[in-house]
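Student: I am new to this structure. Please show me how to read a few of its features.

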Amino acid sequence: MINQNAWYQRWNAIKVIRGRYSQVTLEHLGIYVTIAIALVMSTLAIHNTLRFTERNVVFVARQPLFLPIFICTVLVSLYLGAIASVSVSRERDRKTLEALMYGPVDESAFLLGIFLAHVQIFLVALAFLFIWSNLAVWLLNLGISLEVYSVFFVSVVMASAIVAFGLLTAVWGDKTRTALVIFILILLFLTGVQIADQIVSNMVVSSNPTSNDPILIIRNALAIVTRLVQWLSPYAQLIQAMDAVANQSWIGFITNLGVLVIQTFVLLFGSVKLLTIKGARG
Amino acid sequence: MITTNSLKKKFGSFVAVEDISLNIEPGEIYGFLGPNGAGKTTTILMILGILKPTAGEVRIFGEKINKKPFMIKRRIGVVAEYQNFYDEMTAWEYLLFFARLLEVENAEERARELMERLKLWEFKDVLVGGYSSGMQRKLGFVRALLHKPEVLILDEPVSGLDPFGIVQVREILNDEHEAGTTIMISSHILSEVERTADRVGIIARGRLLVEDTMPNLRHIVSLQSQIELDLYQPEETLIRDLSALPFVTSLDRQNDRLIVSTQNNKDYRAELGSFLAGRGAVVLGMRMIETSLEDAFITITEKHIREWTSSELQQEKRD
């Protein structure tokens with residue numbers, strides 16, 4: 001006897017679609033190559049940290065695992081966000097989404113299924129990172145603390161936001177190529193603003209700067225944009241969460257975690273709403 | 001079972017479907033016909049909830065599809081005009097994926113039964129991307145029937161099928177019909193629709209022109225009935241007297257074969273038979289020539305298109 005409750009049926013559709021997309025992604029080499037590259041870069045990062053510590057006779061390196069975790073989670077989440085975007089776009093491009101929706105599948109079930117599949121795969125990548133971290137701790141005689149586990153946790157929420165962003169760009173962009181371009185351009189913009197702010201902040205202004213000094217004008221404008229970007233960018237939120245954890249500011253950590261959760265929900269809700277408006281046929 | 005009420009769909013300023021109100025009864029086979037670009041597929045997509053109507057509503061099983069999509073969609077099977085598959089899956093994987101979505105009981109057994117019936121079982125482990133269009137059409141049928149739907153919606157169901165495939169599909173549709181499944185068929189192969197449909201709806205330029213049974217459609221279209229008579233060496237006087245009968249409008253002779261046109265108000269075969277028997281004629285054969293669905297379709301659509309074109313021209317002149 002089939003349960004006629006709509007939420008149960010929606011959940012069944014989510015599970016089946018999640019299962020399919022998890023399998024498809026895990027059967028491809030791409031995720032393993034990405035994890036391998038991420039772990040290699042993380043290894044280099046911790047190696048450089050330890051060399052700096054040694055050369056500068058610094059006996060305390062605060063949270064040496066944070067940078068490797070950041071590098072690894074950013075790379076893997078970028079890959080999964082892009083793959084999630086491609087998955088949705090391909091379904092619409094080749095009209096298999098329409099065939100899915102002849103059956104008991106709606107827009108929310110479809111997108112949530114793909115979302116959960118990619119978050120699930122991020123957890124698999126995180127498991128690799130966890131094993132790597134424990135190996136590093138054991139080999140290098142480092143400490144692993146509650147703060148590190150907190151960062152692992154917040155990185156999952158950050159990755160969820162990136163995957164949800166990938167879904168939104170796919171629905172927005174219609175075609176696969178357009179969706180990927182939007183995904184990459186927006187992330188480049190968010191990153192570029194922060195890098196530009198760093199560069200301009202370090203530029204030397206004239207000895208008697210006036211309000212018309214171009215560097216000051218650009219610096220002020222970038223400061224405003226950067227503040228906005230820091231609220232909008234999941235990566236910026238992750239960095240702030242790491243800083244909060246390092247400074248033992250748990251309220252700050254919870255705030256950043258909350259912002260990431262809100263970002264994820266807003267992006268997911270926006271994707272579902274936009275797909276409902278545009279329809280399976282585009 | 002399926003009801004549309006003043007269904008309308010606009011794409012920008014283009015009106016694809018205007019004021020379609022159709023009613024498909026439970027258990028019947030409904031033929032949905034129209035020339036290319038008439039709005040058949042657009043109407044079907046609105047019925048399935050894939051396209052949102054600009055105006056009007058669709059009810060299936062008495063419920064609006066947008067209010068209870070899950071409950072309604074798991075009771076419907078669809079074979080679309082353009083089959084879109086996951087090319088990287090084998091046919092078996094594809095069917096089991098949909099069986100899980102539809103929570104089909106004994107899914108493997110059911111899928112095997114249907115694949116064997118449509119002669120696809122030996123290709124179950126072939127990638128769907130490697131299937132011919134006819135095989136993909138049959139695979140679409142298997143998917144549509146997996147969960148034993150109460151309603152089947154078929155858009156060009158036999159397109160791309162060889163004669164064997166058409167026979168297999170026809171047998172399946174007959175079995176489904178006997179089991180009480182409601183079937184909506186949109187097709188350009190009018191002979192197939194004529195053979196199976198209980199009622200037919202004809203659409204053109206986004207409007208439903210007529211919706212009726214085949215006999216009534218023929219009655220609407222024909223001003224007269226025709227009876228084909230095969231006689232053994234008929235005499236000239238017999239033929240002359242036959243053409244003078246009050247219900248005979250005209251008579252066309254081709255050797256010993258006569259085409260007798262009668263008034264369209266009843267079947268005059270009994271009267272003809274009595275007349276010929278009274279005159280001692282030897283009747284080798286007598287059959288009613290029925291207006292085909294193709295003739296009815298062409299007559300009805302051409303008539304309406306002429307009327308619309310004329311009124312559009314008059315409107316242009318006034319403007």
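Tutor: Start with axes: they are lines fitted to C-alpha atoms, and angles run from 0 to 180 degrees between N-to-C directions. The model here is predicted.

Student: How are two packed helices described?

Tutor: By the angle between their axes and the distance between the axes. In chain A, take helix α5 (residues 107-140) and helix α10 (residues 250-278). Their axes come within 9 Å and cross at roughly 140°. Angles over 145 degrees would count as roughly antiparallel, so α5(A) and α10(A) are oblique to each other. Their crossing is right-handed.

Student: Which residues make the contact?

Tutor: On α5(A), they include A:F110, A:L111 and A:F115. On α10(A), A:L268, A:V272 and A:L275 are among them. The contact residues divide into 7 nonpolar, 4 polar and 1 charged.

Student: Is A:T226 buried or exposed?

Tutor: Buried means under 20% relative accessible area. A:T226 has 5%, so A:T226 is buried. This residue sits in helix α8 (residues 214-232) of chain A. Leaving out residues up to four places away in sequence, A:T226 touches A:V193, A:Q194 and A:D197.

Student: How many salt bridges are there over all chains?

Tutor: The count comes to 19. One of them pairs B:R207 with B:E18, with the closest N and O atoms 3.9 Å apart. B:R207 lies in strand β11 and B:E18 in strand β2 of chain B, so the pair ties together parts 189 residues apart in sequence.

Student: What about B:E236?

Tutor: B:E236 forms a salt bridge with B:R253, at 2.7 Å between the closest N and O atoms. B:E236 counts as exposed, at 54% relative accessibility. B:R253 counts as partly exposed, at 34%.

Terms used. Residues are numbered from 1 along each chain as its sequence is written. Chains are lettered from A and ligands numbered from 1 in the order in which they are written. This is a predicted model: local features need pLDDT of at least 70, side-chain atom pairs count only at pLDDT 80 or more; totals for chains, interfaces and linings use all residues. Side-chain values use heavy atoms; hydrogens and water are left out. Helices (H or I, at least four residues) and strands (E, at least two) are DSSP runs, numbered from the N terminus. Angles under 35 degrees count as roughly parallel, over 145 as roughly antiparallel, 65 to 115 as roughly perpendicular and the rest as oblique. A crossing is left-handed if the near helix is turned anticlockwise from the far one by less than a right angle, and right-handed if clockwise. Contact means heavy atoms within 4.5 Å. Ala, Val, Leu, Ile, Met, Phe, Trp, Tyr, Cys and Pro count as nonpolar, Asp, Glu, Lys and Arg as charged, and the others, Gly among them, as polar. Buried means under 20% relative accessible area, exposed over 50%, partly exposed in between (1.4 Å probe, protein chains only). A salt bridge is a side-chain nitrogen of Lys or Arg within 4 Å of a carboxyl oxygen of Asp or Glu.
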